[in-house]
Amino acid sequence: MEKLYWLDEIKLQDRTKVGDKAFNLSRIIQHGYPVVPGFVVSAEVWRQFLENLNSSESLVADLPYSSLHLDVTNWRQLQQVAGRLRQEILTATVPQQWVSTIFTAAREWQTSCLIFRPSLIVSNATSTPRNISGLLESVFCHCQEEAIATALKRTWSQIFRARSLLYWQHTGINLQQINLAVLVQPVENAIASGLLKANSSGWEIEATWGLGIAIAHGEVLPDVYYIQSETGAILEQELGNKMLAYDVDDASPRISQPLADSVLTLEKTCLITYVLEEAQQKQYALRQEYLQQIIDLGTLLVSELGQTFTIKWTIASQSTSGKLYLTQVSTPQSVIPRAHFIRGLPAARGRTVANALVRINSQEKPEELPKGVILVVPTITPDWLPLLQNLAGIITEKGGLTSHAAILARELGIAAVVNATSATSIIQTGERLLLDGDRGEVYRIKGETRDGEMGRWKDGEISETTSTTPPPHHPTTPSPHLPMIATKLLVNLSQSSLIEQVKNLPVDGLGLLRSELMALNILDGQHPKSWILGGRQAELLERWSEQIMQFAQAFAPRPVFYRSLDWRSHELPSLSDSLQSSPQSMLGERGTFSYLQNPTVFELELKALANVQQSGYSNIRLLLPFVRTVEEFVFCRRKVEQAFLMQVAEFELWMMAEVPSVLFLLPEYVKAGVAGVSIGTNDLTQLLLGVDREQGQLAKVFNERHPAVMSAIAQLIQMSKNAGIPCSICGQAPALYPEIIDRLVEWGITSISVEPEAIERTYQAINRAEQRLILAAAQRELKKKDFN
């Protein structure tokens, strides 16, 4: 646990770490409103706790990345799974450092009682989850280390209660989307507590004696005050039925009975319940001055939250007087989506604030783009790559998670949202935007905001900035104490400008050097054939060789898998002399077929590879793209032999496994000399499912986890093992869906290659998968011994 997030210091970019409840309170406290102080144990800590659970339960070993596919109609199974998961959490040990950090921070309040409030946010949800408040309940505990550890585990475990699991299944939310933080606040004795429910037709204020838990548990009928929202006038008031109240127990922890069937209680509670005297039961809980304070506060909050909101308040006992505090702020579910005014698919992680630059016609590539803007275009083709390096963000109207815009943004470390419908007509050039690549959302900025600053949102707009430092594009050093893994982890890279940032990551080599993206930086906007026909072949060869050599030198002696050119004509509208294929074709004359049609450029690539070898680098491997037939491979192999690349012992000729025919022809390819295959899940998925990956509206259909795709991957791995050749995977699937790494490792994948931003989480996912296999093997051995 690196840090605690104090309410008065939380920034906009912290929202997924602290959850909506804490985030909403932080907005209010930072604008000067009276809020009970507090800090947040972030969702990252919850995930880390689940990842480190030391359990023999296979179900638990997969947390927090399990999809938890349950038959929710089988109530007995649901209860059993929920019970097992919660028991594992409740019996686990919270690291002492975490407990000490929380205890030390809480002691500053000089209170004997704490409340742990679940603060949840669901990432990438198609709609904001409704009725979620009843799923998770607050936990009270004494301000003692043992009690704190227990309260933290009880709060975390609620995610896995039977009704929670049922809810996640019915709403289509998987565990990877859930971010559960915990807001910790002090609990003080209160004169009165309650709610204010505001809407355009009027307000209702509810109040009871003591702490507000009595209202939350339905143990009292609170007093109700009906207020005219425009004037603050009290229209009517009704006396409730308030027989009991809650207070803080300052004595030592003791055993208590559950307050109600639906109440989450601790064996050691810091609250006491007491019966009110009959005279007090007949009195309104709020004196006139306190009621007016609440009305005045509500009037001020309308300017912050709009006409519709709910707040929870408490009047803390302070000697003879009381002080009004807010304990919770919430807005109706319909308000939350309005915070963003455009939603698309979250294509590349990160958040950024900058001015928008709108290009209606993306077919006309500009000469240059201003530095530090958010580019808004219908779509992006690969030939835009040299222009993208200095952008702050990218928004496209079209494209899916494996579109060119998404892939380029992830490699360059630029926040991006794709498939943002009508973005070029809604957004205007010069508008100030906050682009959230983690959630796939775009916000308007109101007022002056410098680059790299975040602000607060209201109805789709951001205002009143707070300074923040944008995260770096890529990690430059690996996290310390990484465990050893057997499966090789490789990186996808094409930009020499990123080599210094990436070369020291914990990778075993460069698994995919996309030559077409690499070459765009040296072609000066002309097709390679134009260079050759113009008599500039030697100059182009020198440039090409120098580019490859930078990668070979940086990663030596680790292998560099250079994938030869794989261009489709419509992807390069700005390059002259591009191949003449239908601009509507998602295939085009691409891959090795184009080499048969005109081998000149392929031969130049082979000469460049030979130059790198002759310079003393023996770590180059060649990947052939989009191989349709054995005949195409044989043709390319002959060209490779003629270039004398095979004379270097370490050289290997691989092919991409992305055309479905490889499922039937792999043994023939091996006979023809294939040394290894690398599965390209992007093309394999679109060809198996008949879906163009550039069409974002088909994102739900383009699913690399589809049973047909997963079956094909499993078959390719097994066929490779049978043939005695290595099998890698370099598509986007492992980075986008880390849960499939378990299956890849189980099936025996040789290596996994991902974008730089996904290296660390993929490393950890591989480690978890391998540890599960080791544990399962050990359990089988024990069973054999027991049987014998």
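Select strand 20 (residues 393-396) together with strand 21 (residues 415-418): the two run parallel and are joined by three bridges. Helices (H or I, at least four residues) and strands (E, at least two) are DSSP runs numbered from the N terminus, and two strands pair if DSSP finds at least two bridges between them. To see one of these links, pick Ile 394, whose bridge partner in strand 21 is Ala 416.

This is a predicted model, in which local features need pLDDT of at least 70 and side-chain atom pairs count only at pLDDT 80 or more, while totals for chains, interfaces and linings use all residues. Residues are numbered from 1 along each chain as its sequence is written, and side-chain values use heavy atoms, with hydrogens and water left out.

Now show the side chains of strand 20. Gly 393 and Ile 395 point one way, Ile 394 and Thr 396 the other, and all are buried (under 20% relative accessible area, 1.4 Å probe, protein chains only).

Then bring in helix 12 (residues 404-412): with strand 20 and strand 21 it makes a right-handed β-α-β unit (with the strands pointing away from the viewer, the path from the first strand over the helix to the second runs clockwise).

For the last stop, select helix 4 (residues 75-91) and helix 7 (residues 162-171), which pack at an angle of about 115° with their axes 8 Å apart (axes are lines fitted to C-alpha atoms over the stretch in contact, and angles run from 0 to 180 degrees between N-to-C directions). Contact (heavy atoms within 4.5 Å) involves residues including Trp 75 and Leu 85 of helix 4 and Leu 165 of helix 7.

How values were computed. Buried < 20%, exposed > 50% of the residue type's maximum accessible area, 1.4 Å probe, protein only.
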